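I opened this notebook to look up the pockets of one protein and what lines them. My notes follow the structure.

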Amino acid sequence: MIELKAVSKNYGAHPAVQDLSLHIATGELVVLVGPSGSGKSTTLRMLNRLVECDQGQILLGGQDIRTLPPEALRRRMGYAIQSVGLFPHWTVEKNIGTVPRLLGWPEDKVRARVVELLALLQLDPQFARRYPNELSGGQQQRVGVARALAGDPEILLMDEPFGALDPVTRVDLQRELMRIHQLSGKTIVLVTHDIDEALYLADRMVVFNAGRVVQQGTPLELLTRP
Ligand code: ADP
Ligand code: ADP
């Protein structure tokens, strides 16, 4: 469904991603893993054109993403990041409902979707009326994931989504994500520097180092390869 062909990105003279080719199948949970600064986030952001590649080509369902308007592209991809990025002066309900409302869903469908997502992420339905700063870090992160899922995107892009959490909450949310992946069959591309997280979550791992892919395969393949 997503194909990167010999993609490169430089920031000024600094190469961030070099000659990257990658194929992501529909329904796959692909984890981009590697040390800080190895080009994972840049790769993820090239998929939704928050970053434009300098060379190469990215295809979505066979179509060059440069031929799609960025808004149309981003509607097809939910995006969840470590800093969560909830709007502090909006309630949880409004934060989660914002994408479906922008997409023009009827109001009763939006409300039902918010209720459904709170349940899916195991959040108290009462939280709908609260503001982000009234929730714990883990609860905010769950709301961030709910918001990324709200418009029912084909693809979920996640950049260190559990990065700032304590270990127990982190494991909880990792389990939740696996469940959502299994239930929805959504294509998920997730960035982490945590190798254990990658081994636990990934259908396939793509290992980055210094802007290049150095290995890829299933967790079992990577662990048993000589
Ligand atoms: P990772 O996600 O693996 O930590 P990044 O994709 O964020 O790696 O960064 C890859 C390299 O590009 C790093 O050396 C980083 O400092 C650099 N970089 C990332 N974003 C920018 C930017 N906006 N301007 C300049 N350099 C950047
Ligand atoms: P994360 O690893 O959580 O993605 P980063 O520290 O890599 O966070 O990046 C945070 C922001 O700073 C991003 O917008 C990124 O593009 C930018 N950035 C990262 N490295 C550089 C750099 N060397 N110069 C300028 N901007 C950068």
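This is a predicted model: local features need pLDDT of at least 70, side-chain atom pairs count only at pLDDT 80 or more; totals for chains, interfaces and linings use all residues.

**Entry: the largest pocket**

I looked up its volume and found about 470 Å³. Its lining consists of 19 residues. I asked which of them lie nearest the centre of the largest pocket. They are Arg 74, Met 77, Gly 78, Tyr 79 and Val 99.

Next I went through the elements behind this lining. Helix 2 (70-75), strand 6 (77-81), helix 3 (92-102) and helix 5 (137-149) each contribute at least two residues. Which element gives the most to the lining of the largest pocket? I found that strand 6 does, with 4 residues.

I then sorted the lining of the largest pocket by class and wrote down 10 nonpolar, 5 polar and 4 charged residues.

**Entry: the second largest pocket**

For the second largest pocket I noted about 170 Å³ of space. I listed 13 lining residues here, and those nearest the centre are Ser 36, Gly 37, Ser 38, Lys 40 and Ser 41. Two or more residues of this lining come from each of strand 2 (14-24) and helix 1 (40-47). Helix 1 has the largest share of the lining, 3 residues.

How does the lining of the second largest pocket divide by class? I recorded 2 nonpolar, 8 polar and 3 charged residues.

Key. Residues are numbered from 1 along each chain as its sequence is written. Chains are lettered from A and ligands numbered from 1 in the order in which they are written. Side-chain values use heavy atoms; hydrogens and water are left out. On a 1 Å grid over the protein atoms alone, a cavity is a set of points where a 1.4 Å probe fits but cannot get out, and a pocket is an open set with protein on both sides within 12 Å along at least five of seven lines; lining residues have an atom within 4 Å of a point. Grid points are joined across faces, edges and corners, and a volume is the space filled by probe spheres set on the points. Ala, Val, Leu, Ile, Met, Phe, Trp, Tyr, Cys and Pro count as nonpolar, Asp, Glu, Lys and Arg as charged, and the others, Gly among them, as polar.
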